[in-house]
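Here is a briefing on the structure shown below.

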Amino acid sequence: MKADLQHRVARVQDAMAERGYGGLIIYYGAQHNMLRTDPILLLADFRAIGPCALLLRRTGAPSLILSPPWDLERAEKKVAFEDVVAVAEDDLAGEIARRAKDMPEPLALTGREIMPMGFARDLYGAFEQPPLDGDDIVRATAATRTEGELDRITYAAGIADAGFETLRRVAEVGMREYELAAEMNSAMEALGSEDNFGLMSAGAHNVAIRAVTDRRLEEGDVIVGEITPCYRGYFAQLCRTYILGEPSDLQREKYDLLLRAQVAGLEAAKPGNPSSGIAAAVNKVIGDAGYGEYCRQPYMRTRGHGLGMGGVVPYDVTESSSPTLETGMTMVIHPNQYIPETGYMMLGDTVVIEAGGPRSLTKTPRRLFWRGN
Amino acid sequence: MRTLHSILKHGGLFWDRDLLPPETYARRYAGIQEILRKSGDDAWLVFGDVARYGNLTYITNFLPRVRSAMAYVPAEGAPVLYASIGLRDIPAAKTLTWVDEIRVFGRVPASVAKLITDEGLEKARVGLVGFEESMPVAEWDAVADALPDVRWQGRSGALDGLRAVKDASEISAMRAAGEVARAALESANEALEPGVTLRQAFARLEGAARRRGAEDVRILAAGGSQSGVALRPIDDRVLEAGDTVMVHFAVERQRYWAELGRTFTVGGGGGAADGLNARAEAAIAAMEGAAKEGARIADIAAAAREAIGDAAMAARAEAYGFAHGIGLDAEEYPLVGRHDDAALAAGATLALRAVLHGDGTGAIAGNTVRIGDSGIETLA
């Protein structure tokens with residue numbers, strides 16, 4: 001991972017040179033989010049507890065300023081470069097500004113899209129000349145995964161498989177939804193999961209995926225799960241549908257539609273293709289079956305998304321998404337679908353884009369699951 | 001206390017109306033509108049994100065599990081809730097709030113601009129609650145550019161006084177959260193056994209809390225030699241017999257937080273940290289003694305420093321925070337260092353914490369308490 005990190009820092013420094021920046025302040029609020037790239041994890045392999053900033057010159061190693069102060073020792077052990085300091089959260093803006101004064105001009109800053117107003121006022125107020133907007137300079141370098149990253153995502157995909165196995169093993173009539181989610185979460189944590197973007201719904205006719213509630217599972221419930229564990233900062237996702245009973249012929253028939261849509265989506269996921277092609281391929285299969293109107297809002301949003309350390313290129317996969325797929329990108333492709341006759345059903349795998357097409361990191365078979373099967 | 005932010009609250013999310021009846025919110029809303037009108041503002045926008053949502057939840061009972069949400073509070077009339085969700089998610093959102101009107105928070109600047117325009121507030125005085133702490137500056141700049149004639153008023157602390165004093169239903173909710181935390185930690189001695197990793201042990205304890213309906217669980221710990229250095233997120237350290245394990249365990253249930261701090265010895269029995277643990281517990285006892293109606297939060301911190309004695313050890317402990325408000329936010333008003341002179345009222349709830357490191361080991365003690373008319377009540 002150390003070589004990976006050096007390479008990533010060098011890529012950002014190259015981008016700084018292209019844009020003419022002398023120094024770059026990379027702010028991160030430590031509010032980890034599935035839709036955003038974590039720049040500190042990307043460049044320092046460190047998952048921050050509090051707001052922090054990485055300071056980067058065109059050459060040389062970065063400096064990390066983090067909060068809270070008691071987290072310094074963890075950072076020093078984890079981060080590969082030497083200059084790591086910790087301050088109280090209230091002192092962070094001042095410390096960034098103080099150190100930035102020693103950096104070459106012009107200065108740029110990334111993170112305005114997540115920086116709270118009050119913090120921004122303190123930070124910008126400490127500069128005579130406000131830093132330039134560095135916009136997506138870091139995020140744009142995070143499109144593809146290295147072998148080291150892929151190892152983590154593959155491991156996370158295995159944890160997700162184990163999470164779904166737990167669901168199949170323990171789900172029973174009378175259990176509350178949150179009890180089932182707790183069992184799955186515990187099983188995944190014991191295997192190394194640090195976090196989980198976990199959603200699960202159960203009912204005779206689900207409208208969408210949602211947070212778990214105190215509802216008790218009933219015979220015949222359709223349980224849909226979006227299981228997204230995190231291993232050493234990297235996420236993988238598994239979407240599946242489990243019926244607490246025997247599926248009806250109609251449920252089998254409609255789930256076959258999702259399976260065919262996923263095959264179409266996977267076939268479109270080749271390097272050089274636009275990510276929008278995945279959504280178009282999925283939507284065509286579902287639309288041809290007569291459910292075109294259910295491929296749009298409010299029923300559906302995306303057909304997948306980039307996945308790694310939070311949100312990464314190609315971001316949300318829709319028919320209007322623009323990124324071109326590249327070898328080494330990791331993403332989830334999920335033709336999850338609301339169908340009026342059966343309700344919402346889910347199917348999705350984590351894949352890595354390779355020269356010949358996508359390779360699934362998910363091991364759970366692609367099929368409808370039900371009790372005893 | 002700051003903990004590693006989770007990417008999504010994935011515990012049980014529902015509204016226990018017996019515990020927190022809708023009338024509670026009607027009462028709160030009337031009190032908030034009264035403060036609003038006294039301020040001279042025409043309306044308030046109350047913003048919250050997934051990390052800090054107490055003000056928003058106090059009004060709506062809604063909790064943003066990801067991204068952000070906002071409540072529009074007019075001087076007269078019903079509130080409107082904006083949530084960063086899809087249209088298909090509105091039915092689920094409605095189960096969490098008494099607010100009738102929920103709108104999708106698409107692009108925040110456009111949503112705010114449309115609201116202000118639709119309500120005829122383009123030249124009005126509008127108070128902003130929670131914006132300083134949570135509203136991203138890039139989005140705010142776009143809002144301000146779109147609405148140049150609105151007279152924005154910073155009202156960040158406007159609800160602090162109301163929120164600091166908990167009513168009976170809130171205390172019940174915090175007691176329930178505390179009970180979940182306490183019950184989960186009851187199996188700690190069993191879970192913290194030689195040969196298992198901290199992650200495996202805490203998977204059991206967190207699971208025990210989530211099975212009891214916790215919507216979020218936050219844990220910091222230190223095992224073995226880590227206890228001489230600092231608390232940290234759970235890692236894969238393998239436990240050995242005799243290891244000291246420090247545990248900060250915070251549980252959110254029905255939007256309300258309670259936290260505990262406890263020190264364990266792997267394999268049970270006494271450990272190297274017994275002396276430090278006694279000192280940490282003495283600091284908690286001193287803080288509980290100082291936590292009286294009319295006292296200042298700074299007085300409580302001073303009591304902790306005095307009980308700890310060693311100035312360097314006390315200074316390290318203070319970095320974790322000795323005392324602060326707790327309720328809808330895990331860390332809320334009053335805070336040592338920011339609100340030192342604020343007088344504590346009966347009904348206020350506090351997290352008290354003493355985290356000590358020394359001689360290669362460490363200890364933590366911590367309780368959640370309510371200040372009563374005649375002493376404190378331990379909630380967790």
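Helix axes are lines fitted to C-alpha atoms over the stretch in contact, and angles run from 0 to 180 degrees between N-to-C directions. Helices (H or I, at least four residues) and strands (E, at least two) are DSSP runs, numbered from the N terminus. This is a predicted model: local features need pLDDT of at least 70, side-chain atom pairs count only at pLDDT 80 or more, and totals for chains, interfaces and linings use all residues. Residues are numbered from 1 along each chain as its sequence is written, while chains are lettered from A and ligands numbered from 1 in the order in which they are written.

**Helix pair across the chains**

- Helix α7 (residues 177-190) of chain A and α10(B) have axes that come within 8 Å and cross at roughly 175 degrees.
- α7(A) and α10(B) are therefore roughly antiparallel to each other. By the cut-offs, angles under 35 degrees are roughly parallel, over 145 roughly antiparallel, 65 to 115 roughly perpendicular, and the rest oblique.
- From α7(A), the contact is made by A:Y178, A:A181, A:A182, A:N185, A:S186, A:E189 and A:A190. From α10(B), it is made by B:R199, B:Q200, B:A203, B:R204, B:E206, B:G207 and B:R210. Two residues are in contact if their C-beta atoms, placed from the backbone, lie within 7 Å.
- By class, the residues of this contact are 5 nonpolar, 4 polar and 5 charged. Ala, Val, Leu, Ile, Met, Phe, Trp, Tyr, Cys and Pro count as nonpolar, Asp, Glu, Lys and Arg as charged, and the others, Gly among them, as polar.

**Interface between chains A and B**

- The contact between the chains joins 47 residues of chain B to 48 residues of chain A.
- On the chain B side, at least two residues each come from α3 (90-94), α5 (131-134), α6 (137-146), α10 (198-210) and α13 (311-320).
- α10(B) gives the most to that side, with 7 residues.
- The chain B side holds 23 nonpolar, 11 polar and 13 charged residues.

**Chain A as a whole**

- Chain A has 9 helices and 19 strands.
- Its C-alpha trace spans about 70 × 40 × 35 Å along the principal axes.
- In chain A, 56% of the 373 residues count as buried. A residue is buried if 20 or more other C-beta atoms lie within 10 Å of its own, exposed if 12 or fewer, and partly exposed in between, with C-beta atoms placed from the backbone.
- Of the contacts in chain A with a separation of 6 or more, 67% join residues 24 or more positions apart.

**Domains**

- Chain A is divided into domain 1 (2-141) and domain 2 (147-370). Such bounds come from an automatic or database domain assignment.
- The C-alpha centres of these two domains of chain A are 33 Å apart.
- Their contact takes 11 residues from domain 1 of chain A and 8 residues from domain 2 of chain A.
- Chain B is assigned domain 1 (22-158) and domain 2 (164-378).
- In chain B, the contact takes 7 residues from domain 1 and 7 residues from domain 2.
- Helix α2 (residues 54-60) of chain B supplies the largest share of the domain 1 side, 3 residues.

**Backbone exceptions**

- Most residues other than glycine have a negative phi, and most peptide bonds are trans.
- The peptide bond from A:Q297 to A:P298 is cis, with omega near 5 degrees. A:P298 sits in the loop between α9 (276-291) and β13 (304-306) of chain A.
- The bond from B:Y333 to B:P334 is also cis, with omega near 0 degrees. B:P334 is in strand β11 (residues 332-335) of chain B.
- A:D135 is not a glycine, yet has a positive phi of about 50 degrees. A:D135 counts as partly exposed, with 15 C-beta neighbours inside 10 Å.
- B:Q254 has a positive phi near 50 degrees. B:Q254 lies in the loop between β8 (244-253) and β9 (256-265) of chain B, and is buried, with 23 other C-beta atoms within 10 Å.
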